[in-house]
Amino acid sequence: MAEALRHPNDNGMVSLSNCGRARRVRFSPTVTISVQAVLEQMVAECNALGQALNSLSAKLEKLEKHLEETDHRVAALETQLMSTQGCVVKHSTLMRQLAEGCVVADHRLETLENHVRARNLRVTGVPAAVRDANLIPFLENLVPATLDLNGKEAPICIESAHRLPASSAQESRGSTVLVTLSDLRHRERILKASWASWTTEFQGRKVSFFPDLSPATYARRKLFIGLKQQFQMVGAQAYVLYPAKLKVVHQEKTYIFKDHKPATQLLDRIRQERMTMTLIRNRLGLLILGVLVTFVLYLLLPAIQHERFTSSIDVPKPRAMEEKMKKGQDLGNSTILTGKVLQNPSVFFREAIPIYREKVPTTKGGLEVIFLHGQSFTSKTWEELGTLALLSESGYRVIAIDLPGYGDSPRSKAVETTQGRVAFLQQVLKELGLHKPVLISSSMSGRYSIPFLMANGEQLKGFVPIAPVGTKDFTIQQFQQVKTPTLIIYGEHDTGLGVQSLQNLQLIPKSKVAKLPAAGHACYLDQPQEFHRALLNFLDELKGL
């Protein structure tokens, strides 16, 4: 077989090599032409294949360049993305700082606005008949006369005064006047005197004095007043500080809030704690009740079997209880009964009743005691303090009421005047069946007790004022004419209303003073043992009169 095929010659000869031996073969012209065409075709195809390979190589080089460019673009986009994320973080930080700055700016703006209003004062109840041109002379006479500021201090000087817009309903009660004083100290004198006197009247019309605060401060103060009442309902001590702060004392910890959100969170936490404790107490009470029922059934089972289930089973009282009942001793237990008297509106009251009242005298020495409460409290205060139970177990008939607008007693227009409050207290004593009771009155309730003492002092067996308001509304001669035995109680640290009321009440001929050490305005809460001791000693003295 041929190993090599050479190009044919012009004469049609072809050289062949076979096993190392060459020989020449002659083909016909037709074969020669066909072979030559095949060879040329193969050469052409090889050239086309070479060109295709060259084109493919060029395209591969171009694709490689495109891939390198794409890698560069991806790297640039990653760098740009990282830069954008950094900008976002930076802008978020700036926005947070801007929000904090807005809060600080709002606070400074509010502080600045309150500073601008520092010499301003709002006076409500100014008669509409007073013309605008006569407002300043009218107010310069009204303020000293109403608040008793005609002393040796500098006179009140008003720089400007103008009426504020009001509705028709408000105009019937008098208009509100915005007053600008010439001296900041004058405003402090007026507000201090107004708060000490609680209520002021001028020519038979109620007049009130308020600081002029910014709208934001006033809104926050109003919100804190509502939170204060809610804190007091859950057993915490709460106070609204001037101009708009909330002070809360809970579990011997003191909190000062400038914003309502953390105060609301504390309130929710206290409520949750109370709910948990209530649930635990309820479960513990049920457990103890189950144990007691089981024990009683265990004691009574032999007696029931012995009686053969007759219809006349008589379960005797425990031996220790029988011995106390025979000796006439007080069992040391009482219960609180609640109810309402009067109508339209009704008055809610609490009365402490001994459990074994049929064996205990109704009252001790015929004495009856009625308690009035302060502005931040209700009749529940005297129950929680243990005062009602203590006096009941001591043999006195003791009652505490909720004044109109407090606790469970609705508001009443009948007590808006002094005469109305005297008539109200007179009707309450009649409805409760109290004859010459001992009247105990603290703080705000002096609006009721002091006028009643002056008008109907002979209807009281005794009077126990605890830093009451309203003492400055009566003269020295009126106090000296009071014949009712009086025990004046006040706290050592109550240098405001306590000392002021003491100066007037000491004019009563049959008066004595009990100063409770280390106690504030609500001295009975700060020193309950000292308060109860002084009260029981006074009641014992009244028994012999």
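**Close-up views of a predicted model**

**View 1. The second largest pocket has a volume of about 550 Å³.** A pocket is an open set of points on a 1 Å grid over the protein atoms alone, with protein on both sides within 12 Å along at least five of seven lines, and its lining residues have an atom within 4 Å of a point. The volume is the space filled by probe spheres set on the points. The model is predicted: local features need pLDDT of at least 70, side-chain atom pairs count only at pLDDT 80 or more, and totals for linings use all residues. Residues are numbered from 1 along each chain, and side-chain values use heavy atoms. Of the 22 lining residues, His-107, Glu-110, Thr-111, Thr-217 and Arg-220 lie nearest the centre of the pocket. Helix 1 gives the largest share of the lining, six residues; helices are DSSP runs (H or I, at least four residues) and strands likewise (E, at least two).

**View 2. Asp-212 forms a salt bridge with Arg-117.** The closest N and O atoms are 3.1 Å apart; a salt bridge needs a side-chain nitrogen of Lys or Arg within 4 Å of a carboxyl oxygen of Asp or Glu. Asp-212 is buried at 2% relative accessibility, and Arg-117 is buried at 18% (buried: under 20% relative accessible area; exposed: over 50%; partly exposed: in between; 1.4 Å probe, protein chains only).

**View 3. Lys-543 forms a salt bridge with Asp-540.** Their closest N and O atoms lie 3.5 Å apart. Because the two are three residues apart in helix 15, about one helical turn separates them. Lys-543 is partly exposed at 33%, as is Asp-540 at 36%.

How values were computed. On a 1 Å grid over the protein atoms alone, a cavity is a set of points where a 1.4 Å probe fits but cannot get out, and a pocket is an open set with protein on both sides within 12 Å along at least five of seven lines; lining residues have an atom within 4 Å of a point.
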